[in-house]
Amino acid sequence: IDLAPRMVEKARARGIYDALAAGDLMAAFQAEPAAWDLIVAADVLVYLGDLGPVLAGAAAALRPGGRLAFT
């Protein structure tokens, strides 16, 4: 998930991802509760303010035992 549609298209061109979407991170978390085994946020959190809602949203989107990895 990326806010920038052009970045999603660049990623899609690599042909290595199961799914890609342009949109809002929190909306994606809310749309699929307890659906993901792994959430990777690379160079994302540094651009956000209060991480409390983001981390809570990620926790709700993960399946039991799921992992959040971020840089």
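Start with α3, which gives the most to the lining of the largest cavity: three residues. Helices (H or I, at least four residues) and strands (E, at least two) are DSSP runs here, numbered from the N terminus. A cavity is a set of points on a 1 Å grid over the protein atoms alone where a 1.4 Å probe fits but cannot get out, and lining residues have an atom within 4 Å of a point.

The structure has one cavity of 30 Å³ or more, and the largest cavity holds about 50 Å³. A volume is the space filled by probe spheres set on the points, with points joined across faces, edges and corners. Around the largest cavity sit Leu25, Phe29, Ile39, Ala41, Leu45, Val54, Leu55, Ala58 and Leu68. Two or more lining residues come from each of α2 (25–31), β1 (36–41) and α3 (52–61).

The cavity lining is nine nonpolar residues, with no polar and no charged ones. Nonpolar covers Ala, Val, Leu, Ile, Met, Phe, Trp, Tyr, Cys and Pro; charged means Asp, Glu, Lys and Arg; the others, Gly among them, are polar.

## The open space

A pocket is an open set with protein on both sides within 12 Å along at least five of seven lines. The largest pocket holds about 1200 Å³. Of its 32 lining residues, Ile1, Asp2, Ala21, Leu25 and Val40 are the closest to its centre. The elements giving it two or more residues are α1 (5–14), α2 and β1. Its lining splits into 24 nonpolar, one polar and seven charged.

## Ground rules

This is a predicted model: local features need pLDDT of at least 70, side-chain atom pairs count only at pLDDT 80 or more, and totals for chains, interfaces and linings use all residues. Residues are numbered from 1 along each chain as its sequence is written, and side-chain values use heavy atoms, leaving out hydrogens and water.
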